[in-house]
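I opened the notebook to look up charged side-chain pairs. The entries below follow the order of looking.

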Amino acid sequence: MIIKYLIILVFIIFSSPASAEYKGLSKISKNNTFMDQKGKPYSIDDISDKANTLLIIWNHGSDQDAKVDPCELQPKSGYIWDGAVVPAFLKLHNKKVNNLNIKIYRLCSGVKGMTVADQKKIRKNIKKGENLNLFTEYKNIKRQNIILAKSNEFIESGFKNIVLAGWSAGGWASLNLQSRYPEKFNAAIALNPAFAGPKKEWKKKYPEWGAFRDHQINIINESNSLNALILAHKDDIFEDIETLSFFKSFTDLKFIDYSQLKPTSCTWADVDKKMQKNKGHNIPQSKCFTKYVEKNNLFLNYLESIF
C-alpha cells in the first residue's frame, strides 16, 4: 500500500528547488548565526581562513508540522526548544582537527510544514488504500531544501570542509542530506535522530507519518555510503536503538548506543530537576551529556577519523 504513493513523494523531494523560498523563512533566517563556545553570536566576517575551517552546520529539532519551530538569536544554554546548539557541540568552537579550525553555524530552518487538514486527508487516503491525489511538503523536506541552499552559499563563499549536525529532526535531516550529497558534506553527526513523532503514533495512530518515515528511509538506503556518527538511546519515545538499527548496514557509519547514560541521572537545562526515565530523547540538553561526550572524546575522535 505504501509503495503506491512513494513514487509521488520521491518526485516531490527531488523536484523541489534547493533554493526554495518558504513563507516565513526570511523572518526566521535573521537569527542564523555563527556561535562561540558560550552560544554568543558572531559574524562570518570574523572567519579569515575559510579554506582551513571545519564548518559544522547545526540543525535544531522540530515541533509539530503545522507549527513554526522557535529559533532565538541567543537562546539560553541547553534550551533546545528555542533552537539552542547542544552544549557539547558548542565546546568544539575553535578546536583543531588536523590543522582545521572548527566553527559552528546555527541554522534556523523551522518553517511550517503540512497543515493539519492536509495530514488528515492523506491519512484518510492511506486507510482507504488510495493513491495520493494531493500532497504538500512536510517540514523535514522543506528543512532539507533550506539546509542545502545555505550550504551551497557557504561552499560558494570558500568553505571546503562541511559537517552537518543536529538533534532530533535536525539530526535526521543531516543524515538524509549527507547520504544524497557526499560531495558537499564530509560527514553528519546526529543525536537522537527522529522526525515522524512518537513511535506509538507513526507506527499506528498516524499512518501518514509512518509512510513519510518509510519514504525517508528508502531515500537514505539508496546511497552507497553514509559517513555519519549516530548517538541513540533505548529510552527514546521517538526513535530508539532498535528502530534506528537499519543505519548499521552502512559500513562508513558509527552507531553509538549511549543508553548507559540514564535520563534519571540527568537534569533539565531550564530547571534543577531530574528527567523522567523515558526522556532519553532529551538528554543532549543536559550537562550529563556534555560530560559523557567529553569523557569519551566522541566528537573530536570521530572528526579526526574523517579529516
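Is R213 buried or exposed? I looked this up in the predicted model and found R213 buried, with a relative accessible area of 7%. The cut-off for buried is under 20%, so R213 at 7% falls within that class.

Next I checked the partner. R213 forms a salt bridge with E239, and their closest N and O atoms are 2.6 Å apart. This pair links distant parts of the chain, 26 residues apart. I placed R213 in helix α8 (residues 207-221), and E239 in the loop between β8 (228-232) and β9 (253-257). E239 counts as buried too, at 1% relative accessibility.

I then turned to a pair within one helix. K150 forms a salt bridge with E153, the closest N and O atoms lying 3.1 Å apart. Why are they about one helical turn apart? They are three residues apart in helix α5 (residues 139-157), so about one helical turn separates K150 and E153. I looked up the accessibility of each: K150 is partly exposed, with a relative accessible area of 22%, and E153 is partly exposed as well, at 44%.

Another entry concerns K234 and D235. Their side chains meet in a salt bridge, 3.2 Å from N to O. I noted K234 as partly exposed, with a relative accessible area of 40%.

Last, I asked how many salt bridges a search of the whole structure finds. The search finds seven, among them R213 with E239, K150 with E153, and K234 with D235.

Technical notes: Residues are numbered from 1 along each chain as its sequence is written. This is a predicted model: local features need pLDDT of at least 70, side-chain atom pairs count only at pLDDT 80 or more; totals for chains, interfaces and linings use all residues. Side-chain values use heavy atoms; hydrogens and water are left out. A salt bridge is a side-chain nitrogen of Lys or Arg within 4 Å of a carboxyl oxygen of Asp or Glu. Helices (H or I, at least four residues) and strands (E, at least two) are DSSP runs, numbered from the N terminus. Buried means under 20% relative accessible area, exposed over 50%, partly exposed in between (1.4 Å probe, protein chains only).
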